[in-house]
Amino acid sequence: MKLKYESQSVAKLYFMAAIGLFVGQIIFGVILGLQYVWGDFLFPAIPFNIARMVHTNLLIVWLLFGFMGAAYYLVPEESQRELYSVKLAKILFWIFLIAGAAIVASYLLIPYARLAELTGNKYFPTMGREFLEQPTIGKIGIVIVALGFLFNVGMTILSGRKTVINMILLTGLAGLAIFFLFAFYVPDNLVLDKFFWWFVVHLWVEGVWELILASLLAFVLIKVTGVDRELIEKWLYIIVAMALISGLIGTGHHFFYIGTPGYWLWLGSIFSALEPIPFFMLTLFAFNVVNKRRRDHPNKAATLWALGTAVMSFLGAGVWGFLHTLAPVNYYTHGTQITAAHGHMAFYGAYVMVVLTIISYAMPIMRGRKANPMRAQVVEMWSFWLMTVGMVFITLFLTAAGILQVYLQRLTDTPLPFIVVQEKIAVFYWLREAAGLVFLIGLIIYIISFFVKGEEIEG
Amino acid sequence: MKETFTKGMARNIYYGGSLFFFLAFIGLTVDTVNKLPKTDNREAITEVVAFGKSVWEKNNCVGCHTLLGEGAYFAPELGNVYTRFGESTEAIKAFIKSRPVNGIKGRRSMPQFNLTEEELEGLAQFLKYANGIDTHNWPPNIQG
């Protein structure tokens, strides 16, 4: 099978980089998990804060590679024309890869404070905030890449066929770039700083990224099920509508205890309690559409990933988010392992899985076949289950650790100091580490699946 | 979905709903920024405190600690550390200064950051300022 548009193949570069960085992210995840129970592991060479920065920054960078690759694959096909500029896409790829690698390498090679000095952070301070630790020059690089990317994709869409899928994708991608600009606002006032920091973090993952997620999933579902576009687009509209209706003011669930006015306790609780709705609808949508399928696409693995995304994003973002989103509950759970549990499953279920969904669908086509040989698909499906079950158990063990932490440190009549509590709940950190290793094995098998040969599938 | 619910209706909910709630969010943002002086302890932000915040950021403290519940969950909450350390900035400084370079065998230990006296003072004053922010009585108790 050949690509409909030759320029789509630029996505392959992006997907390969994404997977490579994903491996790095998980290796550092395993290191961090070990540091939780073996406190001086790699100390002082790689302290926890550095390893964590590598873990989270690699996640963000590889997901961005995934989103960009997905857009380069999807947009020409939806717009029914070649990409505006393949050359630009390739140049931006190398800039982003080299910049991303340089940023992560600098975390590991140079003390962070020294990195701040070397990059002139004092003249334009933006470093040292969670997830936004990149040196200012790196952030500027990210903006340039994002703008070039948006220009390329935007020019393609605007001069081609405009579908609901590519318009919603474009809105999500534009929002991603716009809200990132708040990363440059770092006031001395800690409350203001925290308040607007969420304009990047929350409005990304519980806002515009949901538009990207839903549109990518809709695209793959159209392709693998052959269900009528009208129906899929109707679902897509209503899902992203609910995501924004609940998620915008839902930002308020971060404004409970950081020095912001009391009305956020109510607004944040009520609106974020609605946030599971779009994820639940996403699950209904995916299963509904797969049940109504008009064709049996030979790529079973892609369909599995698509259904998995719908279910796991509902569990991770929806259910585990709701668990601690009401202000009276969050009063006790705020900043504990409960948050970590939710963060892990939500990121995996929603964003990791949707990128793996589109890779699973598009990669075989870019390699000249409609679907991978069945043997390769079986290996890929094993990796799906190992990674997904691994993540479910990571989440369950962190939740158990979190419940105990909340009780021992905050709820009992004789609250214990943080570090004493950490030692008491260490068994759950060991179990989490074991689940993390299962995840890593799943990831290795995932990579192996790309090299498994077998009988070609007709298509 | 039923045929009576058309794509046009879905589209209108998307555009109308998003626009309405986006504008509402902007309105709430403006209101919050206006009301912050009552709760955010801004009168305590001196030059020393502002410098202390830059020390906090430059050393990526949030990579292990939480501050008002946000950050990493590897080390104690610091939004109330001033109270926890007996309202003593000297105690905070002494703790940071005394961290062993090679850590503590088998246990978590804060790195030795080799901060100057000025940086230590700034950081301690910054944490004292953070301690004074009105957080609706969070954290629930002194342990953070």
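Into which domains is chain A divided? I found domain 1 (1–162) and domain 2 (219–450), with bounds that come from an automatic or database domain assignment.

A note on ground rules: this is a predicted model, where local features need pLDDT of at least 70, side-chain atom pairs count only at pLDDT 80 or more, and totals for chains, interfaces and linings use all residues. Residues are numbered from 1 along each chain as its sequence is written, while chains are lettered from A and ligands numbered from 1 in the order in which they are written.

**Between the domains of chain A.** I looked up the centres of domain 1 and domain 2 of chain A, taken over C-alpha atoms, and they are 21 Å apart. Their contact (C-beta atoms, placed from the backbone, within 7 Å) takes 23 residues from domain 1 and 24 residues from domain 2. On the domain 1 side, H1(A) gives the most, with 14 residues.

**Two helices of chain A.** From H7(A), I noted Leu217(A), Val220(A), Leu221(A) and Val224(A) in the contact. H11(A) brings Ala302(A), Thr303(A), Ala306(A) and Thr309(A).

**Chain B against chain A.** Here I found 61 residues from chain B and 62 residues from chain A in the contact. H1(B) supplies the largest share of the chain B side, 14 residues.

Technical notes: Helices (H or I, at least four residues) and strands (E, at least two) are DSSP runs, numbered from the N terminus.
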